[in-house]
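Dear colleague,

Please find below the structure that I am handing over to you. My notes on what was found in it follow directly after.

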Amino acid sequence: MADNSTSRGSRQKVREWCYEVFDSMSRLDEKDMFGFAEKALRKAGNDGVRQTLVELSIGTTTPGITAALVRAAVRCGTTQLARAAADLLIDIKDDRSATAIIEECLESDDSAIRVRAVEAMEMLEGPEMFDLLQKALRSGDDNVRRATVNSLGLIVASKYHPLKAHMLESLADKDSELFRTFSQTDELSLKREFAQVLGFADTDAVLPLLRELSSDTDTQTRREALLALAANGSSKAMEITEQKLDDEDEMVVTFALDSLASKVGRDSEHMFRCIQKVMDHPNASVRRNAVMMLNWFPPSMVEDLLAEAAGDSDFEVQRSAQSLLRTMKAELAPIGLEETGAGDWGEDTLKIWEVGNVGMESERSEKKSTVDTDVISTDAIVAELEKQAASGDVSKRSHAITELLELEDISDSPMLRKALYEDDESVRARVARALDFTRDAGLATQVLLEHPDSLVRRRAVEALAENPSGRTKGDPGRSGITFASERTQGMELFSYFLRALDDPDEGVVQSGCYAIGHYLQFKRPIPVRETIEKLQSLEANTYLSSLTRDNAAELIDDINDAKLGEPLVNTIDAAVSASGELSRHIARLSWDPEKENFAFDTEGKERDILQAELIEELLSGADAANRIAEAAHSDGPFDEGAAAAYAGAVCSTISVIFDAVSSGAEALARLGETGWTGKLKEWQAQLNEFPTEAFDTNPAFQNRKKDLSRALSRAIISAKSAVQSLREGLDPGEFAFFTESGDDWIRMAALSALRDVWTEQHRQELRTLLEQHAGDEDFDPVLGRAALRLLEDGDREAIDVLAGVLERCEHALRIDLLHDLVAAVQQDEVQHAVAKCLENRSLEPMSALGMKMALLAGRGGKGIDMEPGTGSGEPECRRAYQALKAMNNNRESAEELKNALRGGKPAEREIAGAYLGLARVESATSVFASVSDQVDAAWSLRALCGGLMIRKGHRQGMGWFNKNAGHGTAATRGLIAWNLGRAMAGTIPLMLRCNEVNIGRFV
């Protein structure tokens, strides 16, 4: 049976052969069946036939056939066949040899087969199966042990399982192997999981083991045991529960109190005696909870106990007792509370509470508290609380800190920041809660990176993930990241979520996973490749819990399913689809060398149809379209001016589309989603088919051929490099056609794209090209990027070339380069090169302002000269200087930029918007969103604002591009795609930086 065919005929032959085997086996004794089964499996041509043979045997009526085939497949079959056979263990449960076969599977070298053997055991009867389950518990395979615990859980939770009686009998015997296994094992996860399992048992037979586990040295095991006792709920279970009221763990005592309250009645005398007992507990948290439970009882019953609690060493216990006493008996004076005056600062902790009340009253309104708020200022109260928080016992300092947190942002209080590193855990925990409300995200990131307490680091990650909009006091003027109300998920925080995945504490790792998943919900770009690599390392880390590994695996699936590049691909598709139509427009305009004039082929279209087509596909202005349409239908030759306008519109549109492909390919490569290689190849094929030869004979296009050829080459280079980057990596040999081009412009573009695999020859060649064309304006689009690549590679001299490009290039390219420079200055070498260049007093104004902005945005830029310099009267230079001041928390400059974006002249609006985005003024987000939806604004401005929302991590940014991808002329679609590609490509590098990126100011 060596037939590998999948045809229906061959499948029928396989089935016939299988039944022949079954017929032969039915005539054999059971002891001979196994040898025959082995021979039959060897005779089968492939695993597909073997698996069919084993599976079809289930339908046979002769006993032993399936069991013999399963045993043979497990013993001598391939891994795939053995696993398929192991899946049938349950189907042979009635066979006499089932137990022996399952025991063999339990000894298999394959973990999956061993697990299937355990799962089959729970379906069988007899004490020998129970013995096998206990044997499985001793397995060295984690998966087998977990499967065994699950099986035991199913047995104990069922009502009529045949093995349940054996199991309960063993659990009730302290000398049994099962009892000793769970009470004495050093494997905490096994012990904890079984304590959970016992919660499903509806019998007191498990109570001896639960009593043992409730006294275990492992805190989590004791907690699980208490929960299981609560689930049991019997009177004997409650007796054990009551004995745990003196446990050192506050959660164990809390579980015990809650269980007892539900059983004996929360206002019963028995419950009151339990609360009395825990009021002497050394853990203050237990006493706090107990005081709150006294609210269930009548005042006459608890008055004395509350009065005693009012003098407790813990302030929270004192305050809770005082509050209950005031509520129950309003005529009682507050115990220990004296009237507090302006200069009457005492040491008593109750006075601290009263001071805090005064401070909150003073901050909220002019109403009077028990103290005259006109007498004591809020600043004086804060100063006093700071002093009280710095000295005295832990309880008093904790109370002062609690009141101080109500009045101050932790970032504004030196005492609170110091208390965050307090030796006492309760103090640290109390202060750490303030991270949820701080305006200063920079403080939260610092805590995440360096705080020694894992619980505090967890709090920091959660604060960053939730991105709160906390209180602010004036202008903090910090150089760190600052939260703002308009931002939802700031992309600048993503790098800290990735850093959290490397934390030694598993809780911080889980918080990091949650934060990444929270960010992913809004379909914004993330560094997919780098994120998945970190998550895969978590999934493979056997030292982590199964929960954390499962979370990482689920998050990987979510990221793979998200298709974050889809909006970009759709947007570029909408632009590239127009390139075919544009080639038709190129051919429409022809040159007659004999008559030395132009002819225009209307293809039989009427003038109004042609005009509408031109407006839809090519031209954004109706006047230009009308002029060309009129010239096309005139009796004389086609006007030379109209031909030049037409050729200019066609070539400009084509260039924009080529640039869109370049930016989009770069963005997809940085995004790292491997599923888009097919689309990149499709774009590359469309670009290769573009009819560049049409420019050779037409003078209207000839002077634009060089620019189009360069833009086309750069688009192909970007698409090709993106495909290789998403696969195995860049191969310089694949770019030889471009690196050996006769056009230095194209060579520079190709060499810059190969930056990750540069050889010294590549570097030297690019440096030489940089020197040769340093002052050539035609080379600015590749000069700037090449200089940046060399800077990142450690060549400081390239900064001079970059400075020249920043000074003379058009503003769109300048802004684009500055966004890239913000990411580049995260590297120390680049930062030092830029700072050194700024020391040159002869530096031109635009390049100087741009570099100052990059330093200030990227690394804090301490000590940067904020003077405008020469040439500051030029419109763009003025806006750049306003942006620089706005980055230094100048509110007036930020408002001027926002007003110019809202209502300035068209050219000014784009410049103001571009610099407002570069300055990362957080309060500008709503302005960007508003302008992007203004139907009377130019598409270039709207697309710019949409891209800036993405750069700021705003959830509406991707939505804007989804909504507008197919709108406007071909030129408009290309412009939209270019802005989206550049925004995504520029965002991802910053998301991978863990330096102090100062890009979240609230101005």
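**The second largest pocket**

Four helices, α18 (284-293), α23 (394-407), α25 (425-432) and α27 (454-466), each contribute at least two residues to the lining of the second largest pocket. Please bear in mind throughout that this is a predicted model. Of the helices, α25 makes the greatest contribution to that lining, namely six residues. The volume of the pocket is about 810 Å³. In total, 26 residues line the second largest pocket, and those nearest its centre are Glu250, Ser285, Glu425, Ser426 and Ala429. Sorted by class, the lining comprises 13 charged, seven polar and six nonpolar residues.

**The chain as a whole**

The protein chain contains 53 helices and two strands. It has 1003 residues, and 55% of these count as buried. The accessible surface of the chain amounts to about 42,900 Å², with carbon and sulfur atoms accounting for 46% of that area. As regards contacts between residues at least 6 apart in sequence, 66% of them join residues at least 24 apart.

How many aromatic pairs does a search of the whole structure find? The search returns six. In the pair formed by Trp960 and Phe961, the ring centres are 4.9 Å apart and the planes stand at 80°; an angle over 60 degrees counts as edge-to-face, so this pair is assigned to that class. Trp960 and Phe961 are both buried. Together with Trp939, these two residues form one aromatic cluster.

Trp960 is also among the residues that Ser932 touches; the others, leaving aside residues up to four places away in sequence, are Arg942, Cys945, Gly946 and Met949. Ser932 belongs to helix α50, which covers residues 925-932. Its relative accessible area is 1%, and because the limit for buried is under 20%, Ser932 is classed as buried.

**Two glutamates**

Glu248 sits in the loop between α15 (235-242) and α16 (250-264). Is Glu248 buried or exposed? Its relative accessibility is 63%, and since values over 50% count as exposed, Glu248 is placed in that class. Beyond residues up to four places away in sequence, Glu248 touches Arg222, His281 and Asn283. Glu248 and Pro282 are 34 residues apart along the chain, and their C-alpha atoms are separated by 8.0 Å.

Glu910, by contrast in setting, is part of helix α49, residues 906-919. With residues up to four places away in sequence set aside, the contacts of Glu910 are His811, Ser940, Leu941 and Leu944. Between Glu910 and Ala812 there are 9.1 Å from C-alpha to C-alpha, with a sequence separation of 98 residues.

**Backbone at Lys563**

Which residue other than glycine has a positive phi near 50°? It is Lys563, located in the loop between α31 (546-562) and α32 (566-588). The relative accessibility of Lys563 is 46%; this value lies between the 20% and 50% limits, so the residue counts as partly exposed.

Yours sincerely

Terms used: Residues numbered from 1 in each chain as written. Predicted model: local features only at pLDDT ≥ 70, side-chain atom pairs only at ≥ 80, totals over all residues. Heavy atoms only, no water. Buried < 20%, exposed > 50% of the residue type's maximum accessible area, 1.4 Å probe, protein only. Contact = heavy atoms within 4.5 Å. Areas by Shrake-Rupley, 256 points an atom, 1.4 Å probe, with all protein chains shown as cover. 1 Å grid on protein atoms, 1.4 Å probe; cavity = no way out; pocket = protein on both sides within 12 Å on 5 of 7 lines; lining within 4 Å. Points joined across faces, edges and corners; volume = space filled by probe spheres on them. Nonpolar A, V, L, I, M, F, W, Y, C, P; charged D, E, K, R; others polar. Phe/Tyr/Trp six-rings, centres within 6.5 Å; stacked < 30°, edge-to-face > 60°.
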